[in-house]
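I opened my notebook for a slow walk through this model, with a few geometric checks in mind. Here is what I looked up, entry by entry.

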Amino acid sequence: MDLRSSSPLHPPRSLLLPPRRRPRRFPKGKCLLFGDLCDLLVVVSYGTDVFEPGDSLMVKVNKLTSIKTQLPYTYYSLPYCKPKEIVDSAENLGEVLRGDRIENSPYVFKMREPQMCNVVCRQILNEKTAKEFKEKIDDQYRVNMILDNLPLVVPIRRLDQESSIVYQHGFHVGLKGLYAGTKEEKYFIHNHLTFTVKFHKDQQTDVGRIVGFEVRPFSVKHEYEGEWSETTRLTTCDPHAKRSVTTSDSPQEVEDKKEIIFTYDVEFQESDVKWAYRWDTYLLTADDQIHWFSIVNSLMIVLFLSGMVAMIMLRTLYRDISKYNQLETQEEAQEETGWKLVHGDVFRPPTNSDLLCVYVGTGVQFFGMILVTMIFAVLGFLSPSNRGGFMTALLLLWVFMGLFAGYSSARLYKMFKGTEWKKIALRTAFIFPAIAFSIFFFLNALIWGQKSSGAVPFGTMFALVVLWFGISVPLVFVGAYVGFRKPPLEDPVKTNKIPRQIPEQAWYMNPIFSILIGGILPFGAVFIELFFILTSIWLQQFYYIFGFLFIVFAILIVTCAEITIVLCYFQLCSEDYLWWWRSYLTSGSSALYLFLYAAFYFFTKLEITKPVSGVLYFGYMLIASYAFFVLTGTIGFYACFWFTRLIYSSVKID
C-alpha cells in the first residue's frame with residue numbers, strides 16, 4: 001500500500017463502457033480507494049469529464065488569497081473583467097468555511113483549439129481602483145482559478161535543482177519593483193495570461209480528459225493604433241501575425257487614469273499523465289524520508305515507554321501483588337509501603353468530578369470524530385478534488401459523535417454516585433462547543449470587519465447553530481440517558497470513609513512538574529507531522545498524506561496511554577492517590593507544547609504583518625490546541641483508569 005494515499009488507480013478499460021456508447025459527460029471523480037473496488041466506483045458512481053475537440057471549457061474564478069494576511073477576498077472585489085452575468089457556484093459547508101467563493105469568468109476556451117492574444121476587456125483605472133490593486137500587490141495576493149475542478153498553478157523551476165519544478169497555487173495579482181533604471185518603486189499588474197491546458201487523449205477515440213491547468217503571467221503595456229474599439233488590433237500582441245507576449249520591455253503600471261488591457265493566450269499540450277493521476281501535481285510533495293524519519297522517531301519513543309510499562313507490569317507489579325497476597329496478617333500488610341497502601345482511597349471521587357466527566361465525554365466525541373475521518377481519508381473517500389469535503393466531514397461527524405459523548409459522560413458520572421444526569425448532559429453539550437464557538441464568532445467578526453470573503457455568512461452561521469442545537473445537543477441527551485440507565489461500574493476495592501493523609505512528596509513528584517514532563521513525549525511523537533499540517537493550512541498547500549498521518553495518530557494514542565500509566569504508577573507508589581485529574585492533565589499538557597510550537601512557527605515560517613491576521617492565527621491555533629488537550633487528556637485518562645482497575649482488582653483486600 002502506498003502510504004501517501006495520493007494517487008487513485010486508473011480504471012481498467014474492461015470496466016469502461018465502449019467509447020461510442022459512453023456518455024460525453026460524467027460527474028466529477030472523487031474516489032481514491034485502493035483496488036478494484038475504487039476502479040468500479042470511479043466509473044459507475046462518478047466517472048470522468050471527457051471533452052471532444054471544440055467543446056467549451058468554462059474557467060471559474062475563486063478567491064484571492066495571501067499567505068501574508070490570511071484574509072481571502074472575492075475575485076471581483078478587484079476591478080477585473082467581468083462576464084455579462086456573474087453566477088455563483090453551489091458550495092458545500094466546508095467550502096464556505098474555507099472562504100471559497102467560486103464564480104464564472106469571462107475566460108472561455110475551446111478544447112484543443114489554441115488561442116492567441118484574446119482581448120478580455122479594457123479598463124481605465126481611477127484613484128480608488130488603482131489603490132485597491134496596489135494594496136493587493138503589496139500583500140502578495142494570488143488569483144485562483146479552476147478548470148474542470150483543477151486549480152490553476154504556476155510552474156516554477158527550483159534554483160537548487162534545475163530539472164525540478166514546483167507548483168505555486170494561483171498567480172500573483174502583480175509585482176512591485178524599480179522601473180527603467182530609476183530608484184522609484186512602482187506597481188505593475190499581470191494583465192496578460194498564457195494558459196496551458198494539459199489533456200490526456202483517449203487511445204481509441206478523439207476525446208480527451210483535462211489533467212493539468214497552468215499559467216504564465218505577464219505584465220504588458222499593450223499598444224494599438226487609432227481609437228479603441230471592439231475590432232482594434234493590438235500592436236504588442238497580434239494573433240494574425242502569430243506573435244504573442246513572451247517577454248515585455250514595457251510592463252503595465254498601476255496608477256490613476258492608466259489604461260489596462262487584459263489579454264490571454266491558450267495552449268493545449270497532450271500529456272501522458274492519466275486522468276486518475278492528475279492530482280499528483282497539486283498534492284503536498286514532501287520527501288517521504290522525512291515522514292519515515294518522523295515515524296521512526298516516534299516509534300523509538302513508543303518502544304522506550306513500552307519497555308517501561310512492560311517492566312512495571314511484568315516484574316514490579318507481579319512481584320508486589322504476589323508478595324502482598326502472601327501476607328497472612330493485617331499487621332504485616334501495614335508494614336508494606338507504596339501503591340498497595342492507598343487501595344482504600346484510590347477510587348475516591350475527585351474534586352470537580354462533574355467537570356471531569358464533561359471533558360472525558362467531549363474527548364470521546366473528538367476521538368470518534370478523528371478516528372472515523374482518518375479511516376475515510378486513508379481509504380480515499382475524502383478526495384482533494386472535493387473542496388471542503390474534509391471540513392464538512394469533520395463537522396458532521398462531530399455532531400453525530402455527540403451520542404458517544406453523552407454516553408461516556410453519564411457512565412462516568414454515575415460511577416461517581418451522581419444523580420442529575422440531565423445536568424451533566426447539558427454541560428457536555430455546551431461547555432466545549434460554547435467556548436470554541438465564542439472564539440470563532442469573535443474571529444469571524446474581525447474578518448467581517450476587514451470585508452473579507454472568509455467571513456462566514458449569516459446563513460452558514462445559522463446552519464452551524466442548527467447542527468449544534470438541533471442534532472448534537474439531542475444526541476448528547478440520548479447518549480446520556482442510555483448511559484445513565486446502565487448499571488454503574490463497580491470499584492474493584494472498597495473506599496474508606498475517612499481519606500488517607502498523603503505524605504510529603506519528592507520534588508520530582510510535584511503535580512505541575514510531572515504534568516509538564518508528561519506532555520513532552522506525546523508532542524514529540526507528532527511535532528514533525530505537525531509542521532506539514534501547519535504548512536498546508538497557513539501556506540495554502542494541499543495535504544493528502546493521510547497514510548502517514550494515520551500511523552502518527554496511532555503512535556500518539558499509544559504514547560499518551562503509556563506515559564500516563566508510567567507516571568500514574570510512580571504517583572501511586574508515592575502514596576498519592578489523587579490520580580484522576582492528573583492522569584487527564586499529564587497527556588493533555590501536550591497541547592501546551594503544541595501552542596508554543598505554533599507560536600514558534602508563526603515567528604519563524606510565516607510573514608504575517610497585519611495585527612488582525614496575527615489575532616486570527618493565534619485564535620484558530622488556540623481552538624486547535626484546546627481540542628488537542630481534550631483529545632489527548634481523554635486518552636491518558638482512560639489508559640490510567642484501565643491500569644488502576646487492573647492492578648487493584650489483582651490484590652486481595654479483606
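I started with Asp148, which counts as buried because its relative accessibility is 10% (buried means under 20% relative accessible area, exposed over 50%, partly exposed in between, with a 1.4 Å probe and protein chains only). This is a predicted model, in which local features need pLDDT of at least 70, side-chain atom pairs count only at pLDDT 80 or more, and totals for chains, interfaces and linings use all residues. Residues are numbered from 1 along each chain as its sequence is written, and side-chain values use heavy atoms, with hydrogens and water left out.

I found Asp148 in the loop between β4 (142-147) and β5 (150-151). Helices (H or I, at least four residues) and strands (E, at least two) are DSSP runs, numbered from the N terminus. The phi of Asp148 is near 50°, a positive value in a residue other than glycine. I noted it since most residues other than glycine have a negative phi.

Then I turned to Lys257, whose phi is near 70°, again positive in a residue other than glycine. Is Lys257 buried or exposed? With 70% relative accessibility, Lys257 counts as exposed. Lys257 is in the loop between β12 (208-218) and β13 (259-270).

Lys221 counts as partly exposed, at 43% relative accessibility.

Tyr187 lies in strand β10 (residues 185-189), and I list Tyr187 as buried because its relative accessible area is 15%. The C-alpha atoms of Tyr187 and Gly177 are separated by 6.8 Å, and the two are 10 residues apart along the chain.

**Nonpolar cores**

Next I checked the cores, each a set of buried Ala, Val, Leu, Ile, Met, Phe, Trp, Tyr and Cys residues joined through side-chain atoms within 4.5 Å. Which residues touch the most other members of the largest nonpolar core? Among its 101 residues, they are Leu572, Trp579, Trp580, Tyr617 and Tyr648. Helix α16 (residues 611-649) supplies the largest share of this core, 17 residues. I also noted a second, separate core of 52 residues, which includes Leu71, Val173, Phe268 and Val612.

**Aromatic rings**

For rings of Phe, Tyr and Trp (its six-membered ring), a pair needs centres within 6.5 Å; planes under 30 degrees apart count as stacked, over 60 as edge-to-face and the rest as tilted. How many aromatic pairs does this rule give? The count comes to 58.

I picked out Tyr73 and Tyr141, an edge-to-face pair at 5.8 Å centre to centre with 65° between the planes. This pair links distant parts of the chain, 68 residues apart: Tyr73 sits in the loop between β1 (56-65) and α2 (93-98), and Tyr141 in the loop between α3 (127-138) and β4. Both Tyr73 and Tyr141 are buried.

Trp579 and Trp580 form a stacked pair because their ring centres are 4.1 Å apart and their planes lie at 25°. Trp579 and Trp580 are both buried.

I logged one aromatic cluster made up of Tyr359, Phe366, Trp398, Phe432, Trp581, Tyr584, Tyr626 and Phe629.

Then came charges over rings (NZ of Lys or CZ of Arg within 6 Å of the ring centre and within 35 degrees of the ring normal). The charged end of Lys136 sits over the ring of Tyr73, 4.4 Å from its centre. Likewise, the charged end of Lys414 sits over the ring of Phe484, 5.1 Å from its centre.

**Helix packing**

My last entry covers helix axes, which are lines fitted to C-alpha atoms over the stretch in contact, with angles running from 0 to 180 degrees between N-to-C directions. Angles under 35 degrees count as roughly parallel, over 145 as roughly antiparallel, 65 to 115 as roughly perpendicular and the rest as oblique.

The axes of helix α13 (residues 546-573) and α16 come within 8 Å and cross at roughly 50°, and α13 and α16 are therefore oblique to each other.

Helix α12 (residues 520-538) packs against α13 at about 160°, with the axes 8 Å apart; α12 and α13 are therefore roughly antiparallel.
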